[in-house]
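Dear colleague,

Please find the structure below, followed by notes on what turned up when I went through it.

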Amino acid sequence: MATAPTKKTAAKPTTKAATKSAAAGRLGVPKTYKLYLGGKFPRSESGRSFAFADANGEFLANVSQASRKDARDSVQAARKAQGGWAKATAYNRGQVLYRIAEVLDGRRDQFVAELVATGSTARAAEAEVEAAIATWIFHAGFADKYSQVIGSTNPVAAPYFNFSLPEATGVVALVAPQQAGWSLRGIAAVVAPAIVSGNTVVLVASELNPLTAISFAEVLATSDVPGGVVNILTGFVEELAPGLAAHMDVNAIDLAGVEDTTLARDLEATGAENLKRVTRPRTFAPRHVGELNEIVRFTELKTVWHPIGV
Amino acid sequence: MATKPSSTSAAAQAAATQPAATKRPAPPKTTRGKAGPNRWDYAPALESTKILQLKDRYELFIDGAWVKPTSKQYFQTVSPSTLKPLAEVAQGSAKDVDKAVAAARRAFENDWSKRSGAERGRFLFRIARILQQRAREFAVLESLDGGKPIKESRDVDVPLAAAHFFYYAGWADKLEYAFPGQKVRPLGVAGQVIPWNFPLMMLAWKVAPALAAGNTVVLKPAETTPLTALLFCEVLEQAGLPAGVVNIVTGDGTTGAAVVGHPDVDKVAFTGSTAVGKQIARAVAGTDKKVTLELGGKAANIVFDDAPLDQAVEGIVNGIYFNQGHVCCAGSRLFVQESAYDAVISKLKRRMETLRIGDPLDKNTDVGAINSKAQLERITTLVNAGVEEGAEIWQPACDLPKKGYFFRPTIFTGVSQSHRIAQEEIFGPVLSVLTFRTPAEAIEKANNTPYGLSAGVWTDKGSRILSMVSKLKAGVVWANTFNRFDPASPFGGYQESGYGREGGLQGLAPYLHIEKA
Amino acid sequence: MALAESQSLRRNEPTDMTVGAVVDAAHSVRIDQVGVEERAASFTKRSIKTDAKLWGLDLAIRTMDLTTLEGSDTPGKVRALSAKAIHPDPTNPDIPSVAAICVYPNQVPVAKRALEGSGVHVASVATGFPSGQVPFSAKLDDVRAAVDAGADEIDMVIDRGAFLRGDFATVYEEVKRIREACGDAHLKVILETGELGSYDDVRTASWISMAAGADFIKTSTGKIGVAATMPVTLVMLDAIRDYWELTGIKIGMKPAGGIRTSKQALHYLVMLNETLGLEWMRPELWRFGASSLLNDVLMQLRTQATGAYSGPDYFTID
């Protein structure tokens, strides 16, 4: 098992990383990064963590290393939340997604600092936070529209009223993109289109930047997203993804950030056991954000027939 | 299959079984008040097979020509109602599939993808029309080869197949209307594997959208029912479809696996069992192939006490005895509200007494032959399991033909969720009856399955229909009806019933690359 | 299902059910229009040939109420029709007589005399046929006059005005009292289904009529545009079956109006057979109300006998 390289902590008062205090001479109060599971922030049941370093290789934080059991618990939390989330009105889901954007916007500086600490330039970090906010707003506004775009009434050749509408697939496992510059916006790019339709998700955070994922969980926790709708695991894809791919109560899996092609193939094959809807690994570019297909792939089309008579 | 080829054509043999016209019997002497002796048994009304001109042997249809299989091997296709061999059919090998895929690729690159949508549409319209012109021929052959009643092949399978081509013909030049704001392009070569329950209709469901979207096709018909797909090649010839755009490779499961696994196939479409669907999903893992799977089901048909009961009984019968129950979306689990149980069961049994089981070519046959010996054995095994597990079996008193694969329409009452017959797809004329007390219980039990293809709801209350519809985990919900199909209406499953949709605008998506414009 | 040929029928009597209970019983099963129409259409897909066809055509004659209900009816016309009723095809003595002739009350004495000893019944329409828009006392008088003149069967019309305004009690009471006035004459109750709003209404009217003592329920007067249809008849057959299950009493069915061809008649018989069974396939429980149907059936029978298509000039127009 690969662990992230660590180095000894070196106080760098000029950085604004979350673990450090900006005030000179003040002893900071570093945050403990935990998992986000069922709306709560537990430590891994395994008690494990790994040290995570900044771009210069200096210690930033100990990150919870989620286990297969944590993944299982996350699926349970996601399943528990799914019915209620899917039942919420589309307008309501739209407002909840918009609230995420609002809270994110309010913590813009924190995220910029955190992204800078993990290797972004300040400019790129600002652009990324802005892009993430935009992605959430885009999907907030899509919540009560996508079904009008992909649903239909169908002119059948008999006296029946016939319509098709999309419904959430259910519980979706997501492997966050591992691309540089896509830690915060990458979460938005995979989570927003999955939850906008009423799915609940278990996100395996990017190994490149697990801290941002957990800080984003704080955004979720302080906006109006019901507990369990988004669950975030930090740890290692190769440890967590196989259990999620094999889990018979997971309906779909997005292999977005699975970079090892052999692992990706195995995960897809494993997912076949309950015919998971599998999305294969892909490289994200800004133009992909807002692809209708990112929503469609985690919906099921339901067609309804009813006779027309008196 | 061990049966020998017949020397005379099967069509002639089947025709010879038609009885000579009976002479008029003496009319009743009484002039009124008595019904007289019962002569109200419908005489056989056999559809003639003279219209068919079957070849003794069929080759593979590759690149617009009939090609001998590299294996030099052939297998018999047998009529399940008479057990008579109908023709020899080529056993396609991986090499043959290779040829077919290469032909499809050439046709895609050099011809089909270069044609305008309007032109592709015209070919599809032609195919639809030729199917209508030759409808009788296709209906007779479908019933002969597969065992389904001529009433169904004539009124459902063949008209729907033609309608499907007609529907997608019109989409070919309107793809930009189907996906506004998005760019679409065809995928390339589609490898398609279809089942034996609706051979021609499934072919239409696969081929029509593939061609409309601009792909070319390699299709593998089912082993026990290849003949209508082979006759369809004549339609392609009459329509003047360019060589290689549609290739038909007959064979068994290994042939299908070769189609699915071929590296130059861009798109896999399969209809069949969930077990094979999972194999396919594993086989394509790690490739760039796009996949759609239409798999098994164990549909719940839920009848509330305020339902239109007589129509519900029709829906129940149509739901499970249509096509001998060889229907992935068959309403095989009947959930009856306890307060309506007695009425529903008595109406259902009485209705079942009127079902006529027999020669698929008899126009009065309601339930035909089981498609194959293997399927008959599977049905028998599961029915025996139902009896052993303590469910109560009931079958109408009807005679079965002495020859051929037949099974009496069957209902099981006293079934509980844990019984095999309530869980496993039987794919035969066997209904499991369960009860419920409240809408919530009906939903909980109905959804208690890994499948999710279809469901039925019967109630007079509109708001309850919409509530049930939204809670049922199923890709198709029939409310106050069952087993309706239409080319304009998307069809496909949730969960282990597969993914992707066939039919309607949404049925184009699996055959296209779609991205933001 | 075995044919119970000699089984004698228990006559229906007015029940003591409240009108509310009757309507509830009717409403306990709702009708889906599309479903019932599809089912009715499915009977027309049956192919009836050889023996069954001959037997069915024979039965069509034996269960026919040969009808003339015109303002221009005269004793001469009624006598001619009566002759036809007894011997529909004078060239073929094997052709059975029809079940009844159906006339206005004024023509009952003529018909009665003309049919004497033939076994062919005389049915009379009554109760202000066809609209029923006369005072109830006049309806009763109408019935009594017909019965006194010797009518074996009375074809009454329900008060559709009352039915459509939801006054089921009036409909129920009227049928009960007409039934009483009929005495030994059998009562057919015409629902005039073409004027009712839906199949649910047809079922309700069927139940009210049966519970009030009808011996038969009948679709139509034949005097408005929409007469008997297969689906409406199916709804009534289903109601008859449900009533039979509840009470053990078999009610007869009479589709009337619009049935003109042998093919149509056979479709109706297929539907009768597959809903109520052979038991109902006899004149005590089934009638076709028709006039032009008879000649078409005769023509078909001759075609079956000779193997050559016949023509209208070879059958009498009466």
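Across the interface of chain C and chain B there are twelve residue pairs in polar contact, with both residues at pLDDT 80 or more; a polar contact is a pair of N or O atoms within 3.5 Å, where within protein one must be able to donate a hydrogen and the other to accept it, and residues adjacent in sequence count only if both atoms are side-chain atoms. The model is a predicted one, in which local features need pLDDT of at least 70 and side-chain atom pairs count only at pLDDT 80 or more, while totals for chains, interfaces and linings use all residues. Residues are numbered from 1 along each chain as its sequence is written, chains are lettered from A and ligands numbered from 1 in the order in which they are written, and side-chain values use heavy atoms, with hydrogens and water left out.

The interface of chain C and chain B also holds eight salt bridges, a salt bridge being a side-chain nitrogen of Lys or Arg within 4 Å of a carboxyl oxygen of Asp or Glu. One of them joins Asp366(B) to Arg46(C), whose closest N and O atoms are 2.8 Å apart. Helices H2 (33-43), H3 (50-62), H10 (230-247), H11 (262-275) and H12 (293-306) of chain C each give two or more residues to the side that touches chain B, and H3(C) has the largest share, with eight residues; helices (H or I, at least four residues) and strands (E, at least two) are DSSP runs, numbered from the N terminus.

In total, 49 residues of chain C are in contact with 46 residues of chain B, where contact means heavy atoms within 4.5 Å. The area buried between chain C and chain B is about 4,100 Å², with 51% given by carbon and sulfur atoms; buried area is the accessible area (1.4 Å probe) that two parts lose on being put together, summed over both. Arg30(C), Arg46(C) and Trp55(C) supply 15% of what chain C buries against chain B, more than any other three residues.

Turning to chain B and chain A, 44 residues of chain B are in contact with 36 residues of chain A, and the area buried between them is about 3,100 Å², to which carbon and sulfur atoms give 52%. Tyr494(B), Gln506(B) and Lys516(B) supply 17% of the area that chain B buries against chain A, more than any other three residues. Three salt bridges are counted between chain B and chain A, including that of Lys278(B) with Glu273(A), where the closest N and O atoms are 3.8 Å apart. There are also 29 residue pairs in polar contact between chain B and chain A, both residues being at pLDDT 80 or more.

Strand pairing also links these two chains: strand E10 (residues 299-307) of chain A and E18(B) pair in the parallel sense over three bridges, two strands being paired if DSSP finds at least two bridges between them. Within this pairing, Val304(A) has Val477(B) as its bridge partner.

Finally, within chain A, five strands form an open sheet with parallel pairing, in the order E7-E6-E5-E8-E9. Strands E7 (230-233) and E9 (277-279) of chain A are the edge strands, each pairing on one side only. Strand E6 (residues 200-204) of chain A pairs with E7(A) over four bridges, and Val201(A) has Val230(A) as its bridge partner there.

With best wishes
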